[in-house]
Structures are given as structure tokens and as C-alpha cells.
Number of protein chains: 2
Amino acid sequence: MSPMPTESAIAEKRQQILQGAMEIFLHQGYEGTSMDRVATAAGVSKITIYKHFADKEGLFTALIEQIAEQRFNRVLGGIYLEKEPEEVLRHIATQILQLIASDEQYVAFFRLIMGESGRFPELAQLFVRALPQRAWKVLGNYFATHPKLDIANPEATARIFTGTVISYAITQYILHGEQIAPMPSDVLIENLVHLIVNQSSS
Amino acid sequence: MSPMPTESAIAEKRQQILQGAMEIFLHQGYEGTSMDRVATAAGVSKITIYKHFADKEGLFTALIEQIAEQRFNRVLGGIYLEKEPEEVLRHIATQILQLIASDEQYVAFFRLIMGESGRFPELAQLFVRALPQRAWKVLGNYFATHPKLDIANPEATARIFTGTVISYAITQYILHGEQIAPMPSDVLIENLVHLIVNQSSS
DNA sequence: GGTATGAACTATACCGTATAGTATAGCTAT
DNA sequence: ATAGCTATACTATACGGTATAGTTCATACC
């Protein structure tokens with residue numbers, strides 16, 4: 001019979017290509033990335049890439065899909081909602097900001113998704129579903145059900161919370177605002193948490 | 001003597017080039033833009049572009065500088081802080097969101113700045129200075145001085161306010177989240193304004 | 001164990017097109 | 001007369017994608 005390579009071997013090559021593609025796409029953008037450079041970075045022949053992916057666009061979308069899936073698990077995967085609301089919220093915000101600040105690939109991924117969202121609207125929506133929308137659901141549910149909180153609109157409050165945190169990350173880390181417009185992250189977080197936890201229900 | 005063109009004529013040509021550059025750069029990105037297409041769009045010979053700008057990068061930075069300057073005046077230029085805080089804040093947030101939602105060029109500009117912020121960090125910082133930083137200053141000052149407001153940290157509160165609004169715009173309009181994660185803007189704004197105005201100072 | 005098989009790979013060259021930037025020559029309006 | 005323009009052609013390089021020819025290696029059979 002025809003000798004078959006193990007399925008895992010095929011999957012490994014595919015992973016290897018995606019790994020090389022990540023290095024280049026994340027830092028050079030879609031148009032700035034050449035298939036030759038991806039091939040070199042992946043340690044793979046260019047034609048092998050075209051055996052695994054239809055074309056440059058297919059490789060790019062596969063890459064974004066994988067990153068969007070992988071990254072979510074790291075942000076909200078290990079969140080515990082057991083303690084006092086004040087501590088829970090402070091912990092979530094701190095964790096998100098630390099993750100972004102310490103992971104250059106994360107920042108590059110945001111830049112790529114935003115920059116290409118005009119030409120790849122479906123990928124942008126995939127990203128929204130994979131990250132912010134999940135965060136809104138987890139937080140919205142938390143706000144709605146926690147006995148100590150009396151929050152008028154849990155969904156809107158979830159958007160305020162995540163929006164504040166993400167906007168901070170964008171201006172400070174993505175747009176290099178750290179030096180020109182400094183603000184300690186814990187000051188922002190304290191004020192944000194205080195605002196939400198001590199919400200008056202007039 | 002040598003016939004001299006009026007200074008305004010030179011400035012007009014420069015404007016004409018920048019106008020053409022805007023059409024292409026905003027929608028095709030930096031790498032996706034060719035100088036030939038810019039020349040055609042501007043109705044100008046390619047060599048004329050190089051008489052006015054050193055190279056592609058110089059044209060690009062000049063374009064971003066101009067847009068960053070122009071656009072600020074439209075957002076916060078005509079803001080009045082005279083009425084009740086609740087109404088003032090609601091008006092500012094509504095105005096920002098309406099402007100972004102109705103102006104495709106604005107959205108394209110955001111995408112461009114974010115996408116190229118890795119390769120053009122100085123331009124990203126220019127943007128931060130021209131838009132969010134000015135907004136933080138105006139709002140922070142308003143929060144600090146308004147007699148009816150008792151806000152613990154005006155600067156942090158200004159970041160919460162603008163961060164919520166901008167993040168909403170990003171997920172809904174830039175990342176095409178409108179259909180997949182709808183939320184009426186006035187619901188968000190009402191909750192945000194209420195949170196800030198009725199802040200308890202415990 | 002040895003050997004043939006065939007899928008997946010590599011290296012390299014190639015095609016047609018497009019790029020950033022320059023050179024040349026001629027036009028236009030003051 | 002001349003500064004500033006246009007049109008066109010050019011150089012050298014790079015692109016996405018394909019073609020060719022040869023290599024590796026797990027399997028199937030003897």
C-alpha cells in the first residue's frame with residue numbers, strides 16, 4: 001500500500017510553518033510579509049507552505065485563528081471569582097495589563113488585527129468573539145449574580161470595566177504612550193474598581 | 001529675474017499631494033500603498049511628489065501629522081462645558097461616537113495608526129499627544145474644578161471616561177463588532193455617565 | 001533483514017508583475 | 001528665461017506563485 005506519513009507529522013509541519021509565519025506577520029504586517037521570508041523563518045521550503053495552505057491569505061487567516069484561540073485561554077482562563085468583588089476585579093485588571101505589558105507578541109497581535117481589520121473584517125470579528133466578547137460575558141454574569149453587588153446594567157458595566165483596561169493598554173503599550181503620558185496602572189485600577197464596587201443606585 | 005511661483009501655489013500642490021496620499025494610505029496601509037497610485041490619485045506626476053517630500057516615509061509622516069492636527073479640532077473643538085455635568089458628559093460621549101460612526105476616514109485613520117505603531121512609534125506618540133492626551137487634559141480639568149462633582153482622582157476618571165468610549169468605538173466600528181455583539185451606544189453612555197456623576201466618595 | 005514504493009519534502013530557477021526611486025526630455029505660465 | 005511641472009522610460013529589486021528535479025523516510029511486501 002501507499003506509505004503514509006503519520007498524521008502528527010503533517011500537523012507538526014503545519015505548526016512549524018505557522019510558527020515561522022507568526023514571527024514575520026506579527027512584526028511586518030500582511031503586506032510587509034513575503035512568503036520567502038516566512039519559508040526561511042519556518043525552516044521550510046516555500047513550496048511546502050503552498051502544500052499546506054492555499055495562498056498567502058489562507059496562511060494568514062489560519063495564523064490569526066490559531067492565535068485568537070490560544071491567547072484567550074491565557075487571559076481569562078485562570079481567573080477565580082471566589083473572593084470579594086473588589087479583589088476579584090483588581091486581580092482581573094492587573095492580570096490583563098501585566099500580560100499585555102510583558103508580552104511583545106501580544107502587542108504585535110493587537111496591532112496586526114487592528115491594522116488589517118479593514119481588509120479582513122471576518123478576522124476582526126473572530127477576534128471580537130474570541131476575546132472581548134468572552135470577557136464581557138464572564139464579567140457581565142459576575143456582575144449580575146454576585147450578591148454583594150447592586151449593578152443596574154451588568155453588560156454595560158462589563159464594557160466599562162474592560163474598555164477602560166484595554167484602552168489603557170492601547171495608549172500606553174501599543175501607541176507607546178508610557179513616556180509621554182504616564183499613569184501608574186494601579187492608580188487607574190483602584191479608581192475603576194472603586195467606581196464599580198461602590199456604585200450608588202440612585 | 002527668475003519667475004517665482006507664489007508660496008501659496010507651492011502649498012497648494014503640497015496639499016493636493018497629501019489629499020491623494022490620504023485616499024491611498026488610509027485604505028491600503030503603508031506597505032500596500034505605491035507611489036504611482038498616490039501620484040495618480042493626486043493628479044500629479046510621481047516626480048513632483050519627490051520634489052515635495054524626501055521619500056515614501058516622509059510623505060507618510062507628513063500625512064499623519066496633518067490628519068492628527070486636523071481631526072482633533074473636530075472632536076473636542078466645539079465642546080461646551082457650561083451645562084450640568086450629566087448633560088456635558090453625555091454630549092461629549094455621544095459626539096465622539098457619532099463622529100467615528102459616521103466618518104469612514106476616521107476609522108481608517110485609527111486602523112492605520114494602530115497597525116503602523118510598531119514601525120512608526122514617533123507617529124503613534126504624535127497621535128497620543130494630539131488626541132487622547134488633549135482629551136484627558138480637558139476632561140481632567142473639568143472633573144477637578146466643577147463644583148458639583150466630587151471626584152477623587154480627576155485624571156484617572158478622565159481615562160475611564162474616554163477609555164470606555166474609545167474601546168466601544170474600537171470593538172463596534174473598527175473591529176466590525178456591531179452585528180455580532182450589539183449594544184446601543186446610549187445605554188453604555190447612560191451607565192457610564194451615571195457611574196461618574198453619582199460617584200460615592202467613600 | 002532487505003528492498004521497492006510513494007508521499008512529503010528541499011533547493012533552485014523561473015514567470016509575470018509591481019515596487020521605490022531616478023533620468024530625460026519637453027511643456028506651461030509668469 | 002526659467003522654475004515647476006508632465007509624461008515616459010528606465011534600473012534594480014522584490015513580490016506571489018509555479019515548475020523541475022532530486023532527496024528523505026516510513027511503510028508494505030518478499
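Glu116(B) and Arg119(B) pair up in a salt bridge, with their closest N and O atoms 3.7 Å apart; the term covers a side-chain nitrogen of Lys or Arg within 4 Å of a carboxyl oxygen of Asp or Glu. Glu116(B) is buried, with a relative accessible area of 10%, whereas Arg119(B) is partly exposed at 32%. Here buried means under 20% relative accessible area, exposed means over 50%, and partly exposed lies in between (1.4 Å probe, protein chains only).

A word on ground rules: this is a predicted model, where local features need pLDDT of at least 70 and side-chain atom pairs count only at pLDDT 80 or more, while totals for chains, interfaces and linings use all residues. Residues are numbered from 1 along each chain as its sequence is written, chains are lettered from A and ligands numbered from 1 in the order in which they are written, and side-chain values use heavy atoms, with hydrogens and water left out.

**Salt bridges**

- Over all chains, the structure holds 16 salt bridges.
- Some of them share partners: Glu86(A), Arg90(A) and Glu190(A) are joined into one network that way.
- In chain A, Glu104(A) bridges to Arg111(A), with 3.8 Å between the closest N and O atoms.
- Glu104(A) counts as partly exposed at 47% relative accessibility, while Arg111(A) counts as buried at 9%.
- Chain B has a bridge between Arg111(B) and Glu104(B), again with the closest N and O atoms 3.8 Å apart.
- Arg111(B) counts as buried at 9% relative accessibility, and Glu104(B) is partly exposed with a relative accessible area of 47%.

**The interface between the chains**

- Contact (heavy atoms within 4.5 Å) links 54 residues of chain B with 54 residues of chain A.
- The two chains bury about 4400 Å² between them, 64% of it on carbon and sulfur atoms; buried area is the accessible area (1.4 Å probe) that two parts lose on being put together, summed over both.
- On the chain B side, Arg159(B), Leu175(B) and Leu195(B) lose the most area to chain A, together 16% of what that side buries.
- Polar contacts do turn up, with 20 residue pairs across the interface, both residues at pLDDT 80 or more.
- A polar contact is a pair of N or O atoms within 3.5 Å; within protein, one must be able to donate a hydrogen and the other to accept it, and residues adjacent in sequence count only if both atoms are side-chain atoms.
- Six named helices of chain B each supply at least two residues of the side that touches chain A: H1 (7–28), H6 (104–116), H7 (121–130), H8 (132–145), H9 (154–174) and H10 (185–197).
- H9(B) gives the most to that side, with 13 residues.
- By class, the chain B side that touches chain A has 25 nonpolar, 23 polar and six charged residues.

**How the two copies relate**

- Chain B superposes on chain A by a rotation of 180° with 0.0 Å of shift along its axis (RMSD 0.1 Å), so the copies are related as by a two-fold rotation axis.
- The superposition is by least squares on the C-alpha atoms of residues with pLDDT of at least 70 in both copies.
- Both copies use the same surface, as 100% of the contact residues of chain B recur in chain A.
- Which residue of chain B comes closest to the rotation axis? Gly115(B) does, with its C-alpha at 1.8 Å.

**Chain A's fold**

- Chain A's secondary structure comes to ten helices and zero strands, where helices (H or I, at least four residues) and strands (E, at least two) are DSSP runs numbered from the N terminus.
- The C-alpha atoms of chain A fill a box of roughly 70 × 45 × 25 Å along the principal axes.
- Of its 202 residues, 52% count as buried.
- Among contacts in chain A between residues at least 6 apart in sequence, 67% join residues at least 24 apart.

**A look at His52(B)**

- His52(B) sits in helix H3 (residues 46–52) of chain B and is partly exposed, with a relative accessible area of 25%.
- Leaving aside neighbours within four places in sequence, His52(B) is in contact with Ile10(B), Lys13(B), Arg14(B) and Ile17(B).
- His52(B) and Arg14(B) are 38 residues apart along the chain, with their C-alpha atoms separated by 6.7 Å.

Methods: Ala, Val, Leu, Ile, Met, Phe, Trp, Tyr, Cys and Pro count as nonpolar, Asp, Glu, Lys and Arg as charged, and the others, Gly among them, as polar.
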